[in-house]
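Hi,

Here is the structure I promised to pass on. Have a look at it first, then read my notes below.

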Amino acid sequence: MQKGQRHEEEGMEKGRPSKIGYRTTVITRADPDRRSSKMNSLRSSGSNFHSMSPGVYQQLSSSGITDFKGNREKEKREMQNLNERLASYIEKVHFLDAQVKKLEAENEALRNRKTEDLQPIRDAYENELAQARKVIDELGSSKGVADAKMAGLQDEVASLRDM
């Protein structure tokens, strides 16, 4: 290259501003719809990246990573807590279900036992009731006979008085 050409190329780099801006690449592991506000603010102010020194950019990048790691750890703890609560709830439901089945079986056993225990008593009372009904029927018929005799005797006494 000639000396004049080199001087012109250097002048172009310094004298005329470039229309090509700096590109920044931000890699995140989060859902694209849930980007952190720090990343959005950095992205929206992309024109400020060219005015930052590499050390500041690296510091921002490392703080973003630290924030990201902190958020991931927090989310992980929350998920573990929720998993433990869910497991506890499921265990409690299974326990209560087993208790309900146990109580239902116990209730059914008591009903069957009550029926078995009461059956001899029921039979005895039914026999006594049948005997009592038989006695009442016999007394009713004997009362009817006695009433008829008494009516006959009253008629006889009345006819004897009239004489």
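Over residues 38-49 the pLDDT stays under 50, and the model has 12 contacts beyond four places in sequence for them. Here pLDDT is the predictor's confidence in each residue, from 0 to 100, and contact means heavy atoms within 4.5 Å. The protein averages a pLDDT of 77, with 62% of the residues scoring at least 70. Residues 1-13 also have a pLDDT below 50, and that stretch has 3 contacts in the model beyond near neighbours in sequence. Where pLDDT is low, the predicted coordinates should not be read in detail.

Some housekeeping: this is a predicted model, so local features need pLDDT of at least 70 and side-chain atom pairs count only at pLDDT 80 or more, while totals for chains, interfaces and linings use all residues. Residues are numbered from 1 along each chain as its sequence is written, and side-chain values use heavy atoms, with hydrogens and water left out.

As for the fold, the protein has 3 helices and 0 strands, in the order α-α-α along the sequence. These are DSSP runs numbered from the N terminus (helices: H or I, at least four residues; strands: E, at least two). Of the 163 residues, 2% are buried, where buried means under 20% relative accessible area, exposed over 50% and partly exposed in between (1.4 Å probe, protein chains only).

Which residues form a salt bridge? The search of the whole structure finds 1 (a side-chain nitrogen of Lys or Arg within 4 Å of a carboxyl oxygen of Asp or Glu): D97 pairs with K101, their closest N and O atoms being 3.9 Å apart. The two are 4 residues apart in helix α3 (residues 54-162), so about one helical turn separates them. D97 is partly exposed at 39% relative accessible area, whereas K101 counts as exposed at 53%.

Finally, V93 lies in helix α3 and is partly exposed, at 39% relative accessible area. Together with L86, Y89 and I90, V93 makes a nonpolar surface patch of about 380 Å².

Cheers

Notes
Patches are made of residues with over 30% relative accessible area and no salt bridge: like charges are joined within 9 Å, nonpolar side chains (Val, Leu, Ile, Met, Phe, Trp, Tyr) within 5 Å. Accessible areas come from the Shrake-Rupley method with a 1.4 Å probe; for residues, only the protein chains shown count as cover.
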